[in-house]
Amino acid sequence: MFRNNYDNDAITFSPQGRIFQIEYASEAVKQGSVTVGLCSKTHVVLVALKRNAEDLSSYQKKIISVDTHLGLSLAGLASDARVLSNFMKRQALASKMTYGRPIPVERIVDQIGDRAQANTQNYSNRPYGVGLLVAGVDNTGPHLFEFQPSGMTQEMVACAIGARSQMARTYLERNLDAFAGCGRDELVTHGLKALKESLNQDKELTIENASVGVVGVSKTESGKSKLEAFRLYDGEEMAPLLERALAGEGVKAQGGEEAQVESMDTS
């Protein structure tokens, strides 16, 4: 199972300067189901493809709400994502109790990056086998960050991670210039279309295997910015989003029936 004598822990460099356990953790991210993130001037959207281990099991949760202004999607080991998301929830709560304000998005991403990088300095720890897309809004506007098992974090305009994510990235690169001016619904449509690009030919997006998370800001009548709290769309709530994004492509709801068109709830 081991590649060589340099992959027994996460603190030993190979003669080529590589840490093999970091590479193994990154491979776990590549084996996870794909998730896509997009950011405009007003909103951030996370779109994820859910998997079920077998026909008798439920679909795995892929998008997690951290705070009213913050959420994440994952690719890789869900158990590691749960550890990191619980840490982020504690940090978000501590910021509100100590400073009376939501934690800035970049700060909390830096904190999980430091936590992951510290695992490469301790013999008894291992890297987190999960990649995250973190979406949030703070005083500086909407933000989308990518987190990697090595502890590296970077802000993105659009990103896709997980298995077969290259096709989704190709779609994002092709439409990159359009994202900045997109509204909420347009951004969700682009995200679902990018997600569909990564599917095998024998699969399609349904209300069971797709989920969407949205957070953003809107203008009030007085011209002030108002937070649109992070909201997760799942199950039957996905039907109008899929119908709008993939109109004319035979989007099916549960049981094979045609999904009914409804207006998107923007509350």
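**Strands, cores and buried residues**

Analyst: Let's start with a pair of strands in this predicted model: β3 and strand β4 (residues 70-76) pair in the antiparallel sense over 4 bridges.

User: What makes β3 and β4 a pair?

Analyst: Pairing needs at least two bridges, and β3 and β4 have 4 bridges, so the term applies. Within this pairing, I63 stands opposite S73 in β4. The link from β3 to β4 is a hairpin through 2 residues.

User: Why is strand β3 described as largely enclosed?

Analyst: Buried means under 20% relative accessible area. In β3 (residues 63-67), 4 of the 5 residues are buried, so the rest of the structure largely encloses the strand.

User: How do you know that β5 is covered, and on which faces?

Analyst: Strand β5 (residues 130-138) has 9 of its 9 residues buried, so it too is described as largely enclosed by the rest of the structure. Both faces are covered.

User: Which strands pair with β5, and over how many bridges?

Analyst: β4 and β5 pair in the antiparallel sense over 7 bridges, with L72 having V134 as its bridge partner in β5. β5 and β6 also pair in the antiparallel sense over 7 bridges; here L132 stands opposite F147 in β6. A hairpin with 2 residues between the strands is formed by β5 and β6.

User: Why does E146 count as having no salt bridge?

Analyst: A salt bridge needs a side-chain nitrogen of Lys or Arg within 4 Å of a carboxyl oxygen of Asp or Glu. For E146, which is buried, the nearest side chain of opposite charge is R169, 6.8 Å away.

User: What polar contact does the side chain of E146 make, and what else does E146 touch?

Analyst: The side chain of E146, a residue of strand β6 (residues 141-147), makes a polar contact with the side chain of Q148 at 3.4 Å. The cut-off is 3.5 Å, so this pair qualifies. Beyond four places in sequence, E146 touches L132, L133, M152, T153, Q154, M156, C159 and I161.

User: Why is N209 called buried?

Analyst: Its relative accessibility is 11%, and the limit is under 20%, so N209 counts as buried. N209 sits in the loop between α6 and β9. The N209 side chain reaches the backbone oxygen of E204 at 3.1 Å. Setting aside neighbours within four places in sequence, N209 contacts A48, L49, K50, Y59 and E204.

User: How do you know that α7 is mostly covered, and what covers it?

Analyst: In α7, 7 of its 8 residues are buried, namely M238, A239, P240, L241, L242, E243 and A245. What covers them includes α6, β9 and β10 (225-233).

User: Which residues have the most contacts inside the largest nonpolar core?

Analyst: That core has 31 residues, and those with the most contacts inside it are V36, L172, L192, L205, V212 and M238. Elements giving two or more residues to this core include β1 (35-39), α4 (165-174) and α7 (238-245). Apart from it lies another core of 22 residues, including V66, L72, I103 and L132.

Technical notes
Residues numbered from 1 in each chain as written. Predicted model: local features only at pLDDT ≥ 70, side-chain atom pairs only at ≥ 80, totals over all residues. Heavy atoms only, no water. Buried < 20%, exposed > 50% of the residue type's maximum accessible area, 1.4 Å probe, protein only. Lys, Arg positive; Asp, Glu negative; His and termini not counted. Polar contact = N/O pair within 3.5 Å; in protein donor to acceptor, adjacent residues only side chain to side chain. Contact = heavy atoms within 4.5 Å. Core = buried A, V, L, I, M, F, W, Y, C linked by side-chain atoms within 4.5 Å.
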